[in-house]
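Here are my notes on the model you sent over.

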Amino acid sequence: MSDVHPSTTVERLADRPAEWPVTGSRDLYRDDWVVALRADTVTRPGHPEDEFTRISLEHPGAVIILALDDAERVLCLRQYRHTTRREFVELPAGLRDAGDEPSLETAKRELREEAELAATSWVRLLSTYASAGISEEMHEIFLARGLSPASRGDFEMVHEEAEMETFWVPMADLLESVLDGRVQQGPLAQAVLAYDVLTRRGDLDSPH
């Protein structure tokens with residue numbers, strides 16, 4: 001006999017909003033960039049005596065683009081990341097730092113700026129929190145197909161982006177690289193696995 005409670009069945013399974021009381025807050029880091037670090041004093045609901053501190057990284061979120069051509073190849077980047085001291089295989093991506101710009105428009109802009117590509121077909125694959133215990137950063141992952149060259153205009157590649165490489169990888173090879181641990185960047189892995197599952201289920205329409 002199953003011991004799964006009915007309220008946890010797949011049909012009802014979902015994250016839900018909640019907000020515990022915050023009795024104090026102080027900035028640990030804040031300047032004119034888009035992220036900030038904050039320390040909050042939190043209490044459990046109904047237990048005001050149980051205070052504890054949680055560090056929160058304020059972040060506007062990001063978009064990630066799985067750009068797939070007609071030969072089932074994925075446009076990949078290789079980019080240096082200082083915090084982890086690694087050059088990662090990644091997908092085109094960017095911060096949602098343009099005010100109230102819709103996430104799809106941000107994705108279109110980032111694909112053009114980083115990969116010099118435009119797409120006629122866009123599908124949202126996933127929306128995931130990067131590290132919910134410390135950051136409010138949400139990743140919105142899109143599949144882009146129907147690709148064609150596009151100018152990045154007056155956008156200038158600087159810092160790490162100035163050294164970024166772009167290359168095409170067959171989807172099957174990229175999936176194997178994720179599964180055997182050679183490619184470890186989180187949003188890329190999520191995008192590739194989601195695409196594989198949805199394709200096997202027949203949930204992705206052909207681009208048009």
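**Notes on the model**

1. Let's start with Ser103, which is found in helix H1 (residues 103-115). Helices here are DSSP runs of H or I with at least four residues, strands are E runs of at least two, and both are numbered from the N terminus. Bear in mind that this is a predicted model: local features need pLDDT of at least 70, side-chain atom pairs count only at pLDDT 80 or more, and totals for chains, interfaces and linings use all residues. Residues are numbered from 1 along each chain as its sequence is written, and side-chain values use heavy atoms, with hydrogens and water left out.

2. Ser103 counts as buried because its relative accessibility is 8%. The cut-offs are under 20% relative accessible area for buried, over 50% for exposed, and partly exposed in between (1.4 Å probe, protein chains only). What does Ser103 touch, not counting residues up to four places away in sequence? The list is Val63, Arg96, Arg124, Glu140 and Phe142, with contact meaning heavy atoms within 4.5 Å. Ser103 and Ile64 are also worth a look: 39 residues separate them in sequence, while their C-alpha atoms are 9.9 Å apart in space.

3. The whole structure has 17 of them, counting a side-chain nitrogen of Lys or Arg within 4 Å of a carboxyl oxygen of Asp or Glu. Arg109 and Glu110 make one at 3.5 Å, N to O, and both residues are buried.4. Asp180 and Arg182 have a salt bridge too, at 2.9 Å from N to O. Asp180 is partly exposed, since its relative accessible area is 45%, whereas Arg182 counts as exposed because it reaches 56%. Elsewhere, salt bridges that share partners tie Asp27, Arg30, Arg38, Asp40 and Glu58 into one network. Within it, the closest N and O atoms of Asp27 and Arg30 are 2.8 Å apart. Asp27 is partly exposed at 47% relative accessibility, and Arg30 is partly exposed at 43%.

4. Asp40 turns up again in the strand pairing, where it stands opposite Arg54 in E3. Strand E2 (residues 36-44) and strand E3 (residues 47-58) run antiparallel and share nine bridges; for two strands to count as paired, DSSP has to find at least two bridges between them. The E2 and E3 hairpin has two residues between its strands, and Gly46 in the turn has a positive phi of about 80 degrees.

5. Four residues lie between the strands. Which residue of this hairpin takes a positive phi near 55 degrees? It is Arg85, a residue other than glycine. Arg85 counts as exposed because its relative accessibility is 55%.

6. Glu72 lies in the loop between E4 and E5 and is partly exposed, with a relative accessible area of 35%.

7. Next, helix H2 (residues 171-179), where Met171, Leu174, Leu175, Ser177 and Val178 are buried. Viewed down the axis of H2, these buried residues fall within an arc of 160 degrees, so they line one face of the helix. The arc is taken from the directions from the helix axis to the C-beta atoms. Ala172 and Leu179 are exposed on the other side of H2. What do the buried residues of H2 pack against? Their partners are strand E4 (62-67), E5, strand E10 (165-170) and helix H3 (186-201). After H2 comes Gly181, with a positive phi near 85 degrees.

8. Last, there is a nonpolar patch on the surface, formed by Leu28, Tyr29, Ile55 and Ile134, with about 330 Å² of accessible area together. Patch members have over 30% relative accessible area and no salt bridge; like charges are joined within 9 Å, and nonpolar side chains (Val, Leu, Ile, Met, Phe, Trp, Tyr) within 5 Å. The areas come from the Shrake-Rupley method with a 1.4 Å probe, and for residues only the protein chains shown count as cover. Tyr29 belongs to strand E1 (residues 22-30) and is partly exposed, with a relative accessible area of 40%.
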